[in-house]
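Welcome! Here is a short tour of a protein chain, written for someone meeting it for the first time. Please have a look at the sequence and the 3D view before reading on.

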Amino acid sequence: MKRALCITALAAACALAALAAFSSSARATYPGATNGRIAFGINVSGNTDVYTVRSDGQGLRRLTTDPGFDACAAYSADGRRIAYCSGQGGGPVQVWTMKQNGTDKQQVTHLSGPATFPDFSPDGSKIVFTAKPAGSPARDIYVIGSDGSGLTQLTSSSIDNAYPAFSPDGTKIAFTSRRTGTSQVYVMNADGSGQTQLTFDPQPKDQVPDWSPDGSKIAYLADTHGIADIVNPSWGDIWVMNADGSGQHPITSGATYYGTAWSPDGSRIATMDMPTRTNYTVNAADGSDPQAVHPGGLQFVPGWQPRGTGAGEDDDD
């Protein structure tokens, strides 16, 4: 939600290999009285689709069935829609949305290059995402109406800006940028103004910064193994800081995680263990008590539904 990792499914095998680094959730986690389902991509028999499962690992459901690459799942604040990246339309991966039960699929972006890592604004009217149109020197962050109108570019650089996440109040967007030479966490106003660097240490920051449900903190991935995500899969420890950049501290040590997605009740963070490509949830306070979400398939970093219990009509409407 707010949170994580996705791959641009281009037809060439080399592109697919590079895309394995994009195992995202997209991002923002919105508050909820209970933790709903967790959505993420799973590669089964060579095809990656979006699935959802309850946080206890039960009730796995497949939401997409097309032969294209489908991942990067991120829930709307009311939990009723999922934004995701998909190659189902042919050509570069684009941003799509669907109802939480997998119906009513709608293509949102129609760009000349891959559009990935979508995240809904709190009111559901906009989607922020990462894109690299044909001819662009690097990835940048864009926002578009959830109906596909009003495409606006928020960052502009010869170096990558990526992994955007709306704050729970909709006023800020967290993202990463390599504009200083090392990927770091930044925030900007929702209109792209006021871009401010929050992290400055040497470790590259990676997929995907995510806001705590109350907006007071940001979780992010410190690439402790020093592998650039642009080319190769990378991994490291989960760090947490206050929303103004103060109080930066790791909650794991020596981990091989990739991506962060805060639970709607604020108690846990979902992430992916890169070597095994398995999703886990950990205690948001200290990184303890890792619990596997689902054991099967080559997985991609998850998003977390900010409402419901994962059972009954909350899943079906």
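## Before we start

A residue is called buried when its relative accessible area is under 20%, exposed when that area is over 50%, and partly exposed in between, using a 1.4 Å probe and protein chains only. Arginine 178, for instance, is partly exposed, because its relative accessible area is 26%.

The model is predicted: local features need pLDDT of at least 70, side-chain atom pairs count only at pLDDT 80 or more, and totals for chains, interfaces and linings use all residues. Residues are numbered from 1 along each chain as its sequence is written, and side-chain values use heavy atoms, with hydrogens and water left out.

## A network of salt bridges

A salt bridge here is a side-chain nitrogen of Lys or Arg within 4 Å of a carboxyl oxygen of Asp or Glu. How many salt bridges does a search of the whole structure find? The search finds seven.

Three residues, Arg139, Asp160 and Arg178, are linked in a network of these bridges. Aspartate 160 and arginine 139 meet through their side chains, at 2.9 Å from N to O. This pair links distant parts of the chain, 21 residues apart: aspartate 160 is in the loop between β11 (152-153) and β12 (161-166), and arginine 139 is in the loop between β9 and β10. Strands such as these are DSSP runs (E, at least two residues; helices are H or I, at least four), numbered from the N terminus.

Arginine 178 lies in the loop between β13 (172-177) and β14 (184-189), so its pairing with aspartate 160 ties together parts that are 18 residues apart in sequence. Is aspartate 160 buried or exposed? Aspartate 160 is buried, with a relative accessible area of 11%, and arginine 139 is buried too, at 9%.

## Another salt bridge

Aspartate 201 and lysine 205 are also joined by a salt bridge between their side chains, at 3.0 Å from N to O. Lysine 205 is buried, with a relative accessible area of 1%, while aspartate 201 is partly exposed at 23%.

## An open sheet

Strands of a sheet pair through backbone hydrogen bonds, either parallel or antiparallel. For two strands to count as paired, DSSP must find at least two bridges between them.

In this model, four strands form an open sheet in the order β12-β13-β14-β15, with antiparallel pairing. At the edges stand β12 and β15 (196-197), each with a single partner strand, so one side of each is left without a neighbour in the sheet. Between β12 and β13 there are four bridges, in the antiparallel sense. Alanine 162 has threonine 176 in β13 as its bridge partner.

## One disulfide

A disulfide is a pair of cysteine sulfur atoms within 2.5 Å, and a search of the whole structure finds one. Which residues form the disulfide? Cysteine 72 and cysteine 85 do, with their sulfur atoms 2.2 Å apart. The pair links distant parts of the chain, 13 residues apart, with cysteine 72 in strand β4 (residues 70-75) and cysteine 85 in strand β5 (residues 81-86).

The torsion about the S-S bond is about 60°, so the disulfide is right-handed. Cysteine 72 is buried, with a relative accessible area of 0%, and cysteine 85 counts as buried at 0% relative accessibility.
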